[in-house]
Amino acid sequence: MVPPSKKRKLPTATGPASKRSKNISKKKSGGKESRRAVDATALAWSSVGEDFGGLEVIEGVDVVKDGSKVQFLVAGDKSNIIDPQQEVLDGDESFEGFGDDPLEVGDIDSGEAGSGQGGLESEKPQGKNKGKAGQGKAEQEKTKKNKNKNKLDGKNSGAEKEDEQLDKASKVVQKSSARGGNTFGALADANDYADQEDVDMAAWVPLNLSPQILSAIAKLKFTKPTLIQEKTIPEILAGDDVIGKAQTGSGKTLAFGIPMVERWLELQEQGVKRTGPMAVVLSPTRELAKQLGDHLKALCDGLPSAPYVCVVTGGLSIQKQQRQLEKAEIVIGTPGRLWEVLSGDRALQSKFAKIKFLVVDEADRLFKVGQFKEAEDIIGALDGKSPGDDAESSDEDEEEDEEDEESSARQTLVFSATFDKDLQTKLAGKGKSTGSDEEKMAYLMKCLKFRGEPKFIDVNPVSQMAQGLKEGLIECGAMEKDLYLYTVLLLNPGRRTLVFTNSISAVRRLTPLLSNLNLTALPLHSQMAQKARLRSLERFTAARNSLLIATDVAARGLDIKQVDQVLHYHVPRSADTYIHRSGRTARGESSGVSVILCSPDEVLPTRRLASKVHAERSSGAKREHFIQTLLIDRKMASRLKPRVDLAKKIADTVLAKEKAHSDDTWLRNAADELGVEYDSEDLEAVNASGGKGGRGGGRRRKEQAAKSLSKAEMGALKAQLREELSRRVNLGVSERYITGGRVDVGALLREGKNGGIFLGNTDGLGFDL
């Protein structure tokens, strides 16, 4: 608030005084006038320094504070009170006209803020300005004709592009200032527009997308569509059901996301009222559902108005998700939690029955026999059927199907990298692939109940593996996998690595084992809390040399940038699992490595797995083995064995103590509930006597021995491991004749300063496939 300033005397002027000065002189001669209290919102505030915060000030107002009440006192002439008619008059009085230079008239939108005042001024041209206005209008029509001509000729000048860019930037600034936002933020948005102009979107034009969608894609810096996007987007926009098959990392998410958002924009332009969600996307895992939501939200962020995207997965608050579903336009969820929300709410089911799109991502995983029964229940609910409707007569089913087809024009979109049922057989299964395209289509038609005949689009029928992927196999003993896993990680440092196992217990054991060896190991499995799973993924993505130990919950769809290598600690159980595991690397146009650790009895099944995966590629060729065997120096592995054994013993001890504590707690609580006296010593004696023979007796003895280690013994083991890790592993450097001239002492010292683990040359020991 600025206090009333003392106005200086105006100097005598030879010309006539302006109207504003007359008002001031009248006000001065009037003497002291009566004042009255006015609300702050009714005062005529004026903006000062809009570029630096937008302060608002006013003159001629007294502020009186009476206790906690603040009053604004103004003079009785209402000069400081907002009056729309007075605003227009003041604007005319203070307007001093344009300069002598000719003014270029551009396209003016009468709907913009402040256009009313401009309209009044243009209706009353005076003197010479009237002729100039008519001349400017003629020039404007002339420039419009020239622009249309240039567009027809396909010759747009660079100056016009700059004008359009400036217009966009000015609109952004006006929009921001109208909201009362930061002007610097508006300038940053204008820079985004400038960057957007640099992106060449010519490759997207044949897909007939709206300008809003093209602008949003340009902000994502996608200069051209992938092959699956180029083939499927026109079919989806035409209203067809689509089954899309493409390699992992080929952009399947935007292949169905772009048409859905395009359809939403069309409904908004037509003024169609919202009756419920427009699209439902089913995902087999929580992490994939969150990733799909992030990708679609990133696409919608570039739109002026965007649909609300809601992710419904387990492990998070169901009450919050129910509130979000009330306003959701696109729902992405896992079958378990989505059916939990839908099953008890008939009103919500009726809204979901009116959706325009049903998208099933990783459909072969969702519809494996005996898995995800909720997915079938959800599809039945979308058709307006409850799970108990199977007992009805076939005639009634046909009538309901006809009614559903008339009432709902739902499109069903299915995407995955594998649709071959033969790939889902166990690894030990024998026989060649017999699944034809017709059988695959019949399999999906039976599960999904398409409205019409879907279009099957396979953009890469030659190979189901990524082009930049290189595969390898390391043969080792079944009890030496820990040692060889550690050796591979040391020989290939600085790489973001994903290690897959077949069991949760292996994840729980390998994570502390590798952490004890000073490696950044993060766990991921289905029994972890949802927040812990997301935290592991975030840490894995943030660090360049991180290591993620995961079950097959991370094998489907996760798009983690720059995963350099995938290591299979356990051989995959089926061929499609191997395809999806290996698909976490070599995504898009990048390259990657996939290596399997095999015991001698697993080599033959692994070769059979490779023949299934590469069956179509082998047509016309006589190549039998597609996976290269990698040789690891066993002498070097043997020198790493002491530290691995120590780390393994410490990890097993910690796990055994944790397991004993949890078992003891559970038994104690159960005894309290039954009212029975609990004696842990008697139970330990029974376990010790029962563990002498039988299946699992050796494992129980090891757990008992690990559990019996004292804190002092654990401390000694940790000290021994620290000492072992502090030493560098000698790879053949003679310590006796180190100054004989054959050893590069400088290189050894430099490697030591850089944290090198090996003492000697490691060139050729890693696998550069």
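Q: Which residues does isoleucine 330 touch, not counting residues up to four places away in sequence?
A: Contact means heavy atoms within 4.5 Å. Isoleucine 330 touches Met260, Val261, Met278, Ala279, Leu296, Pro307, Tyr308, Val309 and Cys310. The model is predicted: local features need pLDDT of at least 70, side-chain atom pairs count only at pLDDT 80 or more, and totals for chains, interfaces and linings use all residues. Residues are numbered from 1 along each chain as its sequence is written, and side-chain values use heavy atoms, with hydrogens and water left out.

Q: Which residues touch the most other members of the largest nonpolar core?
A: In soluble globular proteins, nonpolar side chains tend to be buried together. A nonpolar core is a set of buried Ala, Val, Leu, Ile, Met, Phe, Trp, Tyr and Cys residues joined through side-chain atoms within 4.5 Å; buried means under 20% relative accessible area, exposed over 50%, partly exposed in between (1.4 Å probe, protein chains only). Here the largest core has 44 residues, and Trp204, Leu209, Ile258, Met260 and Ile330 touch the most other members.

Q: Where is phenylalanine 415, the partner of phenylalanine 256 in an aromatic pair?
A: Rings of Phe, Tyr and Trp (its six-membered ring) pair if their centres lie within 6.5 Å; planes under 30 degrees apart count as stacked, over 60 as edge-to-face and the rest as tilted. This pair is tilted, at 5.5 Å centre to centre and 45° between the planes. Phenylalanine 415 lies in strand E11 (residues 411–416) and phenylalanine 256 in helix H9, so the pair ties together parts 159 residues apart in sequence. Helices (H or I, at least four residues) and strands (E, at least two) are DSSP runs, numbered from the N terminus.
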